[in-house]
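Biologist: Can you walk me through this one? Keep it short, please.
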Amino acid sequence: MRRIAVLVAFLFALGGCDSGRSLFEVKAVAAGVPSLAPFFAEDSGLGRDAQVRSRAVPGGLQQGDTPGLYGGTEQPGICDVERLKRFLTAPRNDRKARAWAAALHLRTDEIPGYLDRLTPVLLRHDTLALNHDYKKGRAVPFRALLQAGIAILVDEQGLPSVKCSCGNPLRPFEGDTSRISVTFGDGNEKWQGYDRAEVVVVRPAPRKLERITLVDVQDSGRGIERPVGTTGEADGGFDATERRAVPPLAGATFGEASRRLADAGLAVAFRGEEPPPDRARVVASDPGAGTELRFGAYVTLSVTAESRTEGRTSTPSPSASSTPPAGSMPTTSTGSPPTSAGPAPSRQPPSKAPSGSAPPPSSAAPRSSAPPTATGSPPRVTSSPPPATASSPPTGEPVTSSAAPPVSSAPPPVSSTPASSAPATTTPATTAPVPTAPAITPPVPSATV
């Protein structure tokens with residue numbers, strides 16, 4: 001009985017520790033199912049959904065200019081933008097128009113021009129978004145999972161903006177996508193092929209688009225180029241089965257490399273809440289330049305870490321591994337191997353910490369087992385690599401997150417003074433003289449995205 005009571009108490013404690021990290025409730029919205037609180041009646045003919053099976057992609061975060069992110073059909077008219085414009089500008093719908101515009105941070109007089117810049121597409125992936133119901137004269141936001149096949153309007157950066165069938169405004173999803181709880185109800189039953197691990201979130205393209213590259217949902221071998229702000233009447237077709245060569249990307253910025261890939265019909269995969277900074281410099285691509293890939297294939301870039309303007313950096317913790325788990329999709333992370341053959345000297349002044357002193361807690365290197373020497377001579381030089389320091393690498397140099405901590409091969413010097421057992425602090429706890437040898441840092445490798 002005592003053992004059971006201890007186990008229950010332990011489980012209760014674990015639950016209490018995690019209680020602050022609540023799940024994000026997400027309502028499933030199935031294709032073809034009428035909304036219970038639409039801005040406009042579902043039978044008004046504003047748009048029509050299609051039957052599309054969701055497709056898996058590398059990573060859950062996608063940029064709005066990713067080739068093949070959205071779909072289309074040969075028949076235009078999946079969303080009647082002109083009818084939606086007439087609804088929103090009609091005097092009888094003024095209250096709805098004000099609520100609709102407020103949800104998208106617009107003024108009512110900006111609605112016509114805004115709609116003229118939107119483009120109708122079909123979702124090819126189950127997509128998270130911030131949807132809005134119309135209740136009691138207000139736009140009421142709620143997190144939603146939109147099923148693949150739903151017709152939407154996207155803006156000039158590829159962001160979902162309007163659900164066509166009911167006119168409900170859409171905003172980008174905000175929140176931890178790994179902590180969502182999807183609920184199915186009100187006619188939105190779990191659809192065939194649903195996989196929580198394959199849902200995507202769309203982030204804005206780094207530039208305003210002139211055209212959106214779609215895949216025909218009825219013929220995956222046919223591509224569609226749709227000029228932004230058109231509804232299908234000006235579409236151009238292309239062969240989506242034709243192979244595309246990876247362009248030369250080394251030396252370009254991440255933003256420029258992303259644009260070159262998109263122009264070539266290829267995509268960039270990355271992991272995390274945001275992509276690397278646009279100014280991060282590309283040092284390599286995988287596959288390399290000249291490799292021929294299918295339309296919409298993903299290319300992994302290796303980039304150097306650049307400091308963000310607000311002082312943050314894309315460099316990860318030195319203990320984080322850049323190698324994705326087995327079977328995972330290609331992603332951007334930090335940590336490609338260095339190209340340098342030897343360690344680069346540090347730009348910092350000589351360290352004031354004597355040999356054998358405990359490193360500060362933020363260091364990733366292990367504590368040396370050798371006690372401090374009793375003389376003022378510098379420490380013995382060994383062939384093993386020097387320990388990593390916690391200092392930041394110079395901006396623009398490659399950095400890595402996969403270097404293993406070195407282990408000293410030198411035997412501890414003989415000393416009558418035992419090593420201190422006090423815990424390590426940020427101040428060295430020893431009176432040994434200051435060595436004259438400068439601190440050495442390991443090479444700073446590149447980051448992989």
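Modeller: First, a term: helices (H or I, at least four residues) and strands (E, at least two) are DSSP runs, numbered from the N terminus. This is a predicted model, where local features need pLDDT of at least 70, side-chain atom pairs count only at pLDDT 80 or more, and totals for chains, interfaces and linings use all residues. Residues are numbered from 1 along each chain as its sequence is written, and side-chain values use heavy atoms, with hydrogens and water left out.

Biologist: OK. What follows helix 3?
Modeller: Histidine 105 does. Its phi is positive, near 60 degrees.

Biologist: And which residues of helix 3 are buried?
Modeller: Helix 3 spans residues 94-103, and its buried ones are Ala97, Ala99, Trp100, Ala101 and Ala103. Buried means under 20% relative accessible area, with a 1.4 Å probe and protein chains only.

Biologist: What do they pack against?
Modeller: Several elements, including helix 2 (81-89), helix 4 (111-116) and strand 8 (160-163). Strand 5 (127-135) and strand 6 (138-146) are also among them. Contact here means heavy atoms within 4.5 Å.

Biologist: Switching topic. What is the strand order in the open sheet of five strands?
Modeller: The order is 9-5-6-1-10, with mixed pairing. Strand 9 and strand 10 (180-183) are the edges, so each pairs on one side only; two strands pair if DSSP finds at least two bridges between them.

Biologist: How many bridges join strand 5 and strand 6?
Modeller: Nine, in the antiparallel sense. For instance, leucine 128 has leucine 145 in strand 6 as its bridge partner.

Biologist: Last one: how much of the whole chain is buried?
Modeller: Buried residues make up 40% of the 449 residues. The chain has five helices and 20 strands.

Technical notes: Buried < 20%, exposed > 50% of the residue type's maximum accessible area, 1.4 Å probe, protein only.
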